[in-house]
Amino acid sequence: MAIEQMTMPQLGESVTEGTISKWLVAPGDKVNKYDPIAEVMTDKVNAEVPSSFTGTITELVGEEGQTLQVGEIICKIETEGAKPAEQKQDQTEAPTAEQAAPESRTEAGSQANKKRLSPAVLRLAGEHGIDLEQVTGTGAGGRITRKDIQRIIDSGGVSEQTEKPKAAAPAPAQKQETKEDVSHPVSAAGDKEIPVTAVRKAIASNMKRSKTEIPHAWTMMEVDVTNMVAYRNSIKDSFKKTEGFNLTFFAFFVKAVAQALKEFPQMNSMWAGDKIIQKKDINISIAVATEDSLFVPVIKNADEKTIKGIAREITDLAKKVRDGKLSADDMQGGTFTVNNTGSFGSVQSMGIINYPQAAILQVESIVKRPVVMDHGMIAVRDMVNLCLSLDHRVLDGLVCGRFLARVKEILESIDEKTSVY
């Protein structure tokens with residue numbers, strides 16, 4: 001039989017790492033190709049990872065809660081093809097240099113395990129100044145795990161009993177130290193330290209990349225949605241009774257944006273270095289927040305869907321986020337993002353563009369305001385601010401202004417004659 005290695009798959013666009021949230025198999029278990037073997041969490045999706053082989057699990061290299069880079073080994077599977085018994089016999093036929101020198105073999109094994117340290121272990125050890133040469137690993141083959149490092153942190157440092165004579169050498173923390181590391185704040189008495197999850201790390205990385213690479217510009221337009229609000233409120237109860245899900249204001253906004261994108265395809269573009277890619281499909285990414293994370297699932301071909309169809313997808317995608325059942329396909333292919341910041345009362349905000357898209361629209365809270373109408377009359381109207389962040393490499397103020405004006409026109413024309421079907 002042969003030993004095959006399963007690696008961390010890429011579960012979405014721009015995903016660089018994943019966290020093993022739960023193993024679904026154990027060493028010794030037999031699996032078929034495509035059987036789920038683990039649940040993995042990234043900043044974009046929670047997904048089951050299928051086996052790439054048929055065989056027997058021999059080793060779970062990654063641990064539950066461990067974050068691994070895409071392409072790193074997560075487990076090993078024995079498949080038909082080689083003969084372990086013969087391999088074992090070959091190893092015992094003649095004493096090797098390693099067998100004659102146990103001390104040398106131990107040191108070699110230590111070095112091999114050190115090479116297999118995960119980025120999470122290196123990062124955690126570096127942050128707390130822990131010398132990995134002093135740490136005894138409890139993982140497979142003596143591998144140092146994140147739990148080993150955390151145990152040392154909780155106990156206050158490396159035990160003096162693990163002394164080991166060696167030449168003076170910089171600790172891993174010194175090797176990895178950067179200006180960014182030096183600037184990290186230090187906890188004081190009474191402060192609460194909250195571990196950064198894989199999702200939060202990935203969000204931070206993507207946001208930093210967006211702000212670093214994309215020259216952001218920002219514009220805002222005020223929209224009178226009084227008639228739209230009255231129309232939606234008049235049909236929301238009957239709609240819920242007939243369809244079984246809510247007709248939200250957000251569905252009207254997404255539909256208006258999709259329609260305007262069809263008329264202004266420049267807005268549906270991406271920067272690609274030496275060219276700008278204008279996307280054919282209009283796939284609207286919508287931001288859905290949980291208590292500690294943000295996911296951006298995609299409504300595919302939104303311009304071809306009715307307001308009812310969009311409302312259904314918003315409901316279904318939000319439920320998947322809450323239940324942790326978003327698939328990789330749910331997160332891929334977005335070309336423009338609409339963010340419902342008004343859901344928590346915001347009236348004005350500047351969104352960070354969802355890389356590699358060229359723009360993000362923030363739909364703010366609908367509020368009643370006194371508005372000067374025709375002939376100088378003042379009336380109380382339902383008003384909303386639409387805030388657009390744009391990539392100034394791809395888009396200019398003129399096209400963005402016309403695009404927002406068109407979205408405004410569509411929204412202000414919605415009334416009781418508008419069909420949601």
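User: Which residues is isoleucine 284 in contact with, leaving aside its neighbours within four places in sequence?

Analyst: Isoleucine 284 is in contact with Val254, Val257, Leu261, Pro297, Val298, Ile299, Ala302, Phe336 and Val338. Contact here means heavy atoms within 4.5 Å. Please keep in mind that this is a predicted model: local features need pLDDT of at least 70, side-chain atom pairs count only at pLDDT 80 or more, and totals for chains, interfaces and linings use all residues. Residues are numbered from 1 along each chain as its sequence is written, and side-chain values use heavy atoms, with hydrogens and water left out.

User: Good to know. Which residues touch the most other members in the largest nonpolar core?

Analyst: They are Met267, Ile284, Phe336, Leu388, Phe403 and Leu411, in a core of 77 residues. A nonpolar core is a set of buried Ala, Val, Leu, Ile, Met, Phe, Trp, Tyr and Cys residues joined through side-chain atoms within 4.5 Å. Buried means under 20% relative accessible area, exposed means over 50%, and partly exposed is in between (1.4 Å probe, protein chains only).

User: And where does the largest share of this core come from?

Analyst: Helix α10, residues 249–263, provides the largest share of this core with 10 residues. Helices (H or I, at least four residues) and strands (E, at least two) are DSSP runs, numbered from the N terminus. There is also a second, separate core of nine residues, with Leu132, Ile144, Ile149 and Ile152 among them.

User: Zooming out, how many helices and strands does the chain have?

Analyst: The chain has 13 helices and 19 strands. Of its 421 residues, 40% count as buried. If you take the contacts between residues at least 6 apart in sequence, 65% join residues at least 24 apart.

User: Let's switch to charges. How many salt bridges does the structure hold?

Analyst: It holds 17 salt bridges. The cut-off is a side-chain nitrogen of Lys or Arg within 4 Å of a carboxyl oxygen of Asp or Glu. One of them joins the side chains of glutamate 263 and arginine 406 at 2.8 Å, N to O. That pair links distant parts of the chain, with glutamate 263 in helix α10 and arginine 406 in helix α13 (residues 397–412), 143 residues apart.

User: What else does arginine 406 meet in a salt bridge?

Analyst: The side chain of glutamate 409 meets arginine 406 at 2.9 Å, N to O. Those two both lie in helix α13, three residues apart, about one turn of the helix. Put together, Glu263, Arg406 and Glu409 are linked in a network of salt bridges.

User: Is glutamate 409 buried or partly exposed?

Analyst: Glutamate 409 is partly exposed, with a relative accessible area of 47%. Glutamate 263 is partly exposed too, at 39% relative accessibility.

User: Nice. Which residues make the nonpolar surface patch?

Analyst: Trp218, Met220 and Met350 make a patch of about 280 Å². Patches are made of residues with over 30% relative accessible area and no salt bridge, where like charges are joined within 9 Å and nonpolar side chains (Val, Leu, Ile, Met, Phe, Trp, Tyr) within 5 Å. Methionine 220 is found in strand β9, residues 216–224, and is partly exposed with a relative accessible area of 33%.

User: Last one, the backbone. Which peptide bond is cis, with omega near 10°?

Analyst: That is the bond from tyrosine 355 to proline 356. Proline 356 sits in the loop between β16 (336–339) and β17 (359–363). Histidine 375 lies in the loop between β18 (367–372) and β19 (378–391) and is exposed, with a relative accessible area of 81%. Asparagine 301 also has a positive phi, of about 50°, although it is not a glycine. Asparagine 301 is in the loop between β15 (298–299) and α11 (307–323) and is partly exposed, at a relative accessible area of 25%.

Notes: Areas by Shrake-Rupley, 256 points an atom, 1.4 Å probe, with all protein chains shown as cover.
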